[in-house]
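The following paragraphs lead through one protein model, starting from a single contact and widening to the whole chain. Please keep the sequence and the structure in view while reading.

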Amino acid sequence: MADSPPKDSPKNAPAPAPSTPKGRDPSTMIPARRQRTGVESVFVRLVATAGIIGIGVALGAILVGQKVEGWIVGLAVALTCVILSAVLWSSRQV
């Protein structure tokens, strides 16, 4: 028992709590992001919406090029656009 270190030695000291830098979410490694301005937010949504329309047009062109029936093309394009739009608008930051 004489070989054991004293209770107040650094070996028995509790580990210090990790400090998080300012502006960083403690639960992730990603730094906090500034709030988007109104104009920037609208622009990002318009670009994303244009991308969704482009994906729908490309999908329609590919399916028509493969001689798929019209109703199937319409259904595939509509479902793709609705699902991608739902993802886009559900990620809205308030």
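A polar atom of the Arg-45 side chain lies 2.9 Å from the backbone oxygen of Leu-88. This separation falls under the definition of a polar contact, a pair of N or O atoms within 3.5 Å, where within protein one must be able to donate a hydrogen and the other to accept it, and where residues adjacent in sequence count only if both atoms are side-chain atoms. The model is a predicted one, in which local features need pLDDT of at least 70 and side-chain atom pairs count only at pLDDT 80 or more, while totals for chains, interfaces and linings use all residues. Residues are numbered from 1 along each chain as its sequence is written, and side-chain values use heavy atoms, with hydrogens and water left out.

Arg-45 belongs to helix α1. Helices (H or I, at least four residues) and strands (E, at least two) are DSSP runs, numbered from the N terminus. Arg-45 is buried but has no salt bridge, and the nearest side chain of opposite charge, that of Glu-40, is 12 Å away. Buried means under 20% relative accessible area, exposed means over 50%, and partly exposed lies in between (1.4 Å probe, protein chains only). A salt bridge requires a side-chain nitrogen of Lys or Arg within 4 Å of a carboxyl oxygen of Asp or Glu. For charge, Lys and Arg count as positive and Asp and Glu as negative, whereas His and the chain ends are not counted.

The protein as a whole has two helices and zero strands. Of its 94 residues, 10% count as buried. The loop between α1 (38-65) and α2 (70-90) contains Lys-67. Lys-67 has a positive phi of about 60 degrees, although it is not a glycine. Its relative accessible area is 75%, so Lys-67 is exposed.

Leu-59 is in helix α1 and counts as partly exposed because its relative accessibility is 25%. Leu-59 and Ala-76 are 17 residues apart in sequence, and their C-alpha atoms are 8.0 Å apart in space. Not counting residues up to four places away in sequence, Leu-59 touches Ala-76, Val-77 and Thr-80; contact here means heavy atoms within 4.5 Å.

Leu-84 is found in helix α2, and it is partly exposed because its relative accessible area is 30%. Its C-alpha atom is separated by 6.6 Å from that of Ile-52, 32 residues away along the chain. With neighbours within four places in sequence left aside, Leu-84 is in contact with Ile-52 and Ile-55. Val-57, in helix α1, is exposed because its relative accessibility is 56%. Between Val-57 and Cys-81, 24 residues apart in sequence, the C-alpha to C-alpha distance is 9.8 Å. Across the protein, among contacts between residues at least 6 apart in sequence, 46% join residues at least 24 apart.

Trp-71, Ile-72, Leu-75, Leu-79, Ile-83 and Val-87 make a nonpolar surface patch of about 610 Å². Patches are made of residues with over 30% relative accessible area and no salt bridge, with like charges joined within 9 Å and nonpolar side chains (Val, Leu, Ile, Met, Phe, Trp, Tyr) within 5 Å. Accessible areas come from the Shrake-Rupley method with a 1.4 Å probe, and for residues only the protein chains shown count as cover. Leu-75, one of the patch residues, is placed in helix α2 and counts as partly exposed because its relative accessibility is 45%.
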